[in-house]
Amino acid sequence: MTAGRRSLAISRALLWPALIVAILLTQIPLVATLYYSFQEWNLLRPGQRGFVGFDNYAKVLSNGSFLSSLGNTVLVTGSAVVGATLLGLLFAVLLDRKFVGQSVARTLMITPFLVMPAAAALIWKWSILDFTYGMANWGLSLVGLPPVAWNTELPAATVIMVLIWQYTPFAMLILLAGLQSQPREVLEAAGVDGAGPFRTFTWITLPHLRQYVEITVLLATILLLQVFDPVAIMTNGTGGSKTLSYLLYERAFIGLEVGEAAAYGVMTVIVTIIVAMVALRTLFKVFSEEGLMNR
Amino acid sequence: MTTTTLGMPVTTTRKAPVRKPARWASRRVRGIALTVVTWIAVLAFFFPVVWMVFTAFKPESQAATLPPTFAPDLTLDRFQAVFDRGMLPYLINSASASLGSTLLVLALAIPAAYALSVRPVKNVRDPLFFLISTKFMPVAASIIPVYMLLQAVGGLDNITWLTILYVGVNLPIAVWMMRSFLAEVPREIIEAAQIDGAGLRTEIFRVVLPIVLPGIAAAGLICFIFAWNEFFLANLLTTQVARTTPPVLGSFVDGRGQFLSVLSAASTIAIVPVVIAGWVAQKQLVRGLAMGAIK
């Protein structure tokens with residue numbers, strides 16, 4: 001009994017340093033953001049700082065920037081997640097086959113995920129999608145199509161394209177792990193029973209992959225909800241690419257409206273919590289089904 | 001048929017049932033066609049990276065041209081130009097913030113994950129749930145108070161503070177991944193060590209640590225990649241002395257003249273450490289992502 005208690009005390013001692021650091025670095029600032037959000041506070045007018053109740057929230061909800069940014073975030077995150085998952089599934093299926101240079105192909109495929117997002121955004125903007133010298137428009141001209149002003153006319157699509165490019169390898173890796181965890185006997189049995197590759201895929205592989213697809217979508221959503229780099233580097237939030245992260249950055253560090261930006265921050269957190277609760281619940285359901293939590 | 005795989009082990013060897021020669025031949029043709037399609041898709045996906053590295057070796061006058069120059073005079077001159085513009089200190093800052101934060105994260109995450117997976121803790125869900133949930137919170141939501149605090153204590157443009165913040169960013173992922181790896185250690189081994197009267201230190205350092213070393217490498221690598229590539233905090237919280245690589249890359253865009261090769265050279269230098277590390281440790285990387293994601 002005392003040994004058990006001692007053991008519990010040791011476990012606590014091992015756990016607390018990490019928890020304390022996490023609380024100090026993430027929770028305290030969040031509380032401070034909440035506090036700021038009830039204040040009138042512009043850095044250019046430090047004298048006028050004061051408590052204003054829900055004024056900032058009223059401003060945030062009434063001026064339309066928040067709702068349009070929320071819409072942009074949903075559009076950008078949603079398209080990028082769906083695009084990356086579908087392409088990731090395609091590449092996972094292609095790379096699961098044995099073929100000449102399979103491991104080299106996989107190595108090349110994971111590279112976009114390793115590329116620094118700032119570098120990726122700059123190279124896509126200036127080298128691939130540039131109106132005059134970009135490779136994309138040169139490719140279009142080869143097939144007789146007119147050039148497209150990607151960065152200025154289709155800013156949201158531009159950001160989504162780069163995000164899909166960076167996150168397809170991420171989706172592919174998880175889905176490939178899923179494909180390779182399929183029980184071989186089942187696939188062989190399907191083959192013996194005369195099921196063609198297509199039917200085997202739809203009736204055996206896809207149901208097996210469901211859990212992996214769910215996890216891919218959840219993790220990619222969490223990572224992409226915070227997306228900032230390509231927006232800041234490629235479009236500066238123009239034309240439907242202004243996500244919540246960028247809006248908050250703009251209000252706080254360009255507009256210097258601390259109170260109002262803090263209110264955006266709190267609203268962003270609330271939206272994220274709603275998404276995260278759904279995501280976490282599903283993740284933990286996966287856990288308990290595997291019996292890992294009960295060990 | 002023997003295929004050597006450098007990366008993940010390919011566990012699925014699907015034997016096709018014996019068929020008539022004609023159908024076998026058509027299957028073979030289809031197989032080759034699929035391999036060709038796969039390679040075209042992979043190379044198309046990898047193209048932006050190739051093009052960036054290729055452009056980095058061009059003289060500036062042949063970088064942004066229409067049509068693109070495919071047979072330029074290759075030169076190392078633009079790499080020299082990147083370092084002449086003082087890139088080295090930024091790379092050193094990136095390296096120290098990434099390495100420092102990764103080591104700190106591992107020092108905090110391994111004991112915590114150990115407590116969460118191996119040792120008996122009541123309500124494993126609560127601390128784990130809390131740690132993961134901090135990762136869901138947008139960094140943007142806590143940036144305002146962090147910025148104010150650092151400004152107040154003179155901590156802006158300070159590499160130590162940036163390193164500490166990266167610990168907060170990466171800690172949840174590391175705990176999450178390490179917990180999965182530790183859960184895989186057979187309980188019998190740990191119990192045997194405890195029965196033999198091994199103290200906590202022996203239990204951890206002599207028994208468990210050697211088994212999970214590949215897992216630690218995987219978690220460390222992923223934390224390093226995220227820290228090396230981080231843009232948002234680095235861009236806001238550093239200006240000159242502690243500036244890291246990602247926010248510096250944009251300064252190679254020059255509104256007055258041609259800049260595409262020097263930008264490509266700077267980006268190539270910026271991505272090389274992480275891309276090479278990711279390629280070499282591909283197995284760990286895949287394992288880390290898959291483990292963190294699936295279990």
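Predicted model: local features only at pLDDT ≥ 70, side-chain atom pairs only at ≥ 80, totals over all residues.

A: Helices (H or I, at least four residues) and strands (E, at least two) are DSSP runs, numbered from the N terminus. Residues are numbered from 1 along each chain as its sequence is written, and chains are lettered from A and ligands numbered from 1 in the order in which they are written.

The unreviewed UniProt entry gives residues 107–128 of chain A as a "transmembrane region", along with 14–38, 74–95, 154–177, 209–228 and 261–284; UniProt positions follow the numbering used here, feature names are shortened, and annotations may be inferred rather than shown by experiment. Another of these spans, residues 74–95 of chain A, is 100% helix and 0% strand, and its end C-alpha atoms lie 31 Å apart.

Helix 5 of chain A covers residues 117–128 and is largely enclosed by the rest of the structure, because twelve of its twelve residues are buried. A residue is buried if 20 or more other C-beta atoms, placed from the backbone, lie within 10 Å of its own, exposed if 12 or fewer, and partly exposed in between. Among the buried residues of helix 5 of chain A are A:Pro117, A:Leu122, A:Trp124, A:Lys125, A:Trp126 and A:Ile128. A:Thr221, by contrast, counts as partly exposed because it has 19 C-beta neighbours inside 10 Å. A:Thr221 belongs to helix 10 (residues 197–225) of chain A, and its C-alpha atom is separated by 8.8 Å from that of A:Val275, 54 residues away along the chain.

The setting can now be widened. An automatic or database domain assignment divides chain A into domain 1 (29–63 + 257–288) and domain 2 (74–243). The C-alpha centres of these two domains of chain A are 32 Å apart.

Chain A also meets chain B: 86 residues of chain A are in contact with 89 residues of chain B, contact requiring C-beta atoms, placed from the backbone, within 7 Å. On the chain A side, helix 1 (residues 2–36) gives the most, with 18 residues. That side comprises 61 nonpolar, 18 polar and seven charged residues, where Ala, Val, Leu, Ile, Met, Phe, Trp, Tyr, Cys and Pro count as nonpolar, Asp, Glu, Lys and Arg as charged, and the others, Gly among them, as polar.

Chain B has twelve helices and zero strands, and buried residues make up 44% of its 295 residues. Its assignment gives domain 1 (24–80) and domain 2 (88–294). Eleven residues of domain 1 of chain B are in contact with nine residues of domain 2 of chain B.

Of its 162 residues, B:Ala109 and B:Ala174 touch the most other members. Helix 8 (residues 155–180) of chain A contributes the largest share of this core, 16 residues. Leaving aside residues up to four places away in sequence, B:Ala174 touches B:Val105, B:Leu106, B:Ala109, B:Ala219 and B:Cys223.

Definitions and conventions. Core = buried A, V, L, I, M, F, W, Y, C linked by C-beta atoms within 7 Å. Contact = placed C-beta atoms within 7 Å.
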